[in-house]
Amino acid sequence: MNNLTGDINLSAIEGTVFTTGKQGQKLFVIDVEKANLYLSEQGALKLYFIAYESKDKKISDYIVKQSLSKEIREREKAEGKQRPIIGNISEMKPQEASAPVVKSSDVFADGEDIDNLPF
């Protein structure tokens with residue numbers, strides 16, 4: 001399997017807001033119910049998502065949308081709403097080496113004895 005990379009825009013999820021804390025810190029608040037997140041019995045907060053193949057492969061290989069219950073999907077469809085794209089996923093492409101290959105003869109061109117190195 002190929003390695004994938006991507007990002008999720010949490011602020012695109014319904015029920016989220018940025019605010020400022022009492023000490024001036026930036027806070028991100030999530031209304032769990034409005035955001036349609038799942039809180040497990042073990043205390044894990046989960047967002048389910050689905051990845052669709054992207055029509056524009058120059059941008060990403062897949063687009064990510066929040067996966068919602070059938071009831072919510074049907075209600076939103078009746079209201080003419082579409083789930084926002086909350087992220088993207090792309091296949092990692094091998095990068096070509098950017099650093100030049102250095103030979104020991106280039107480094108020790110002045111004739112220094114490389115056999116006496118401390119390592």
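Which backbone oxygen does the side chain of Thr16 reach at 2.8 Å? Look for Ile13 in View 1. A quick note before the views: this is a predicted model, where local features need pLDDT of at least 70, side-chain atom pairs count only at pLDDT 80 or more, and totals for chains, interfaces and linings use all residues. Residues are numbered from 1 along each chain as its sequence is written, and side-chain values use heavy atoms, with hydrogens and water left out.

**View 1. Thr16 reaches back to the backbone.** Thr16 sits in strand E2; strands here are DSSP runs of E with at least two residues, numbered from the N terminus. Its side chain reaches the backbone oxygen of Ile13 at 2.8 Å and that of Ser11 at 3.5 Å. Both are polar contacts (a pair of N or O atoms within 3.5 Å, one able to donate a hydrogen and the other to accept it; residues adjacent in sequence count only if both atoms are side-chain atoms).

**View 2. E2 and E3 make a hairpin.** Strand E2 (residues 16-20) pairs with strand E3 (residues 26-30) in the antiparallel sense, over five bridges. To count as paired, two strands need at least two bridges found by DSSP. Five residues lie between the two strands, and Gly24 in the turn has a positive phi of about 85°. Val17 has Val29 of E3 as its bridge partner. Val29 is partly exposed, with a relative accessible area of 40% (buried is under 20%, exposed over 50%, partly exposed in between, using a 1.4 Å probe and protein chains only).

**View 3. Four strands line up in an open sheet.** The order is E1-E8-E7-E6, and the pairing is antiparallel. E1 (4-8) and E6 (49-53) stand at the edges with a single partner strand each, so one side of each has no neighbour in the sheet. Within the sheet, four bridges join E7 (residues 62-66) to E8 (residues 85-91), and Tyr62 stands opposite Ile89 in E8.

**View 4. Salt bridges link charged side chains.** The whole structure has three salt bridges (a side-chain nitrogen of Lys or Arg within 4 Å of a carboxyl oxygen of Asp or Glu). One of them joins Glu53 and Lys57 at 3.2 Å, N to O; Glu53 is exposed at 58% relative accessible area, while Lys57 is partly exposed at 44%. Glu79 meets Arg75 at 4.0 Å and Lys81 at 3.8 Å. These shared partners join Arg75, Glu79 and Lys81 into one network.
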